[in-house]
Amino acid sequence: MRILFDLHTHTRFSTPRGFSHAVGSVAQNLGAALAKGMGVGISNHGPAHVVYGISPKAYAALAREVEDANRAAGKKRALLSCECNLTSQKGTTDFSLLPFAPEVVLLGYHKGVLQREEPLFFWRAQRGGRAFAAKMTAALISAIEREPIDVITHPGEYVPVEYAALARAAAALGVVLEINDKHPMTEEQLNICAENGAYFVISSDAHKPARVGCFSRAAAAAKNAKIPLERIVNCDIYRFCAGLRVDKLAGFAQSIRETSTGFSTI
Ligand SMILES: [Zn+2]
Ligand SMILES: [Zn+2]
């Protein structure tokens, strides 16, 4: 299958405090994507992450880098995105802290995030079992009901979720579940999501340019679970008319489909 874009890549903007985390510039991520005939999402961590979150003040500079990289490429191939964080059991996120809306919004649960009232602490998940999974699922559903989230990243990573309920709500609201190359869902989890109507996106979650567009584990997981290719929104046979929020990328995808060369299939 040919993948048209990799929506989930980080840059050095995800390393604002000097800790070793993500390296590379927007231009480098875009260059790596172009070499594979793909577009790319620049999805740094949202500002509520204590260590890796992008400062809201840096967002304008990031947006400029994305614009400059696209101009240098002579075509729009990079999207300004953000991997926002869930910040409470109520489903609040740090999307509202961003000074302006990204073109694509991802949402994930991460450790090391400033939690607001009714916090969702990672360590509680270790002994919370099903009750914690229900809370986490409700929080994610509340977030996608209220905010313009396009993709839920690595569902079930770090903390458990109820896959059937999450997949049903995501499908009803037009939100896509990610098959993350670093943290892919299991075959069983993917099957539960697919049976409940989920659409998916395959992403690298690259933290360095060399990893942009690397999806072998995620693609194998999708293949083993026999996920229909038309349910994978960055697969070249998806037609952007399923009523999903990412359908706004139809023009972006079409342009890549028509003009990119040198793509590889996975
Ligand atoms: Zn993440
Ligand atoms: Zn990420």
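In which helix is M136 found? M136 lies in helix 3, which spans residues 122-146. The model is predicted: local features need pLDDT of at least 70, side-chain atom pairs count only at pLDDT 80 or more, and totals for chains, interfaces and linings use all residues. Residues are numbered from 1 along each chain as its sequence is written, while chains are lettered from A and ligands numbered from 1 in the order in which they are written.

**Figure 1. The chain and its elements.** The chain has seven helices and seven strands, where helices (H or I, at least four residues) and strands (E, at least two) are DSSP runs numbered from the N terminus. Their order from the N terminus is β-α-β-α-β-β-α-β-α-β-α-β-α-α. Along the principal axes, the C-alpha atoms fill a box of roughly 50 × 40 × 30 Å. Of the 266 residues, 52% are buried (20 or more other C-beta atoms within 10 Å of the residue's own; exposed means 12 or fewer, partly exposed in between; C-beta atoms are placed from the backbone).

Figure 2. The C-alpha atoms of M136 and V159 are 7.7 Å apart in space, and the two residues are 23 residues apart in sequence.

**Figure 3. Crossing of helix 4 and helix 5.** The axes of helix 4 (residues 163-173) and helix 5 (residues 187-195) come within 8 Å and cross at roughly 40°; axes are lines fitted to C-alpha atoms, for helices over the stretch in contact, and angles run from 0 to 180 degrees between N-to-C directions. The two helices are therefore oblique to each other (angles under 35 degrees count as roughly parallel, over 145 as roughly antiparallel, 65 to 115 as roughly perpendicular and the rest as oblique). Y163, A164 and A167 of helix 4 meet Q189, I192 and C193 of helix 5, contact being C-beta atoms, placed from the backbone, within 7 Å. By class, this contact holds five nonpolar residues, one polar residue and no charged residues (Ala, Val, Leu, Ile, Met, Phe, Trp, Tyr, Cys and Pro count as nonpolar, Asp, Glu, Lys and Arg as charged, and the others, Gly among them, as polar).

**Figure 4. Positive phi at D205.** D205 is not a glycine, yet its phi is near 55°. D205 sits in the loop between strand 7 (200-203) and helix 6 (216-224). Because D205 has 25 C-beta neighbours inside 10 Å, it counts as buried.

**Figure 5. Positive phi at F240.** F240, also a non-glycine residue, has a phi of about 60°. The loop between helix 6 and helix 7 (250-259) contains F240. With 16 other C-beta atoms within 10 Å, F240 is partly exposed.

Definitions and conventions: A crossing is left-handed if the near helix is turned anticlockwise from the far one by less than a right angle, and right-handed if clockwise. Two residues are in contact if their C-beta atoms, placed from the backbone, lie within 7 Å.
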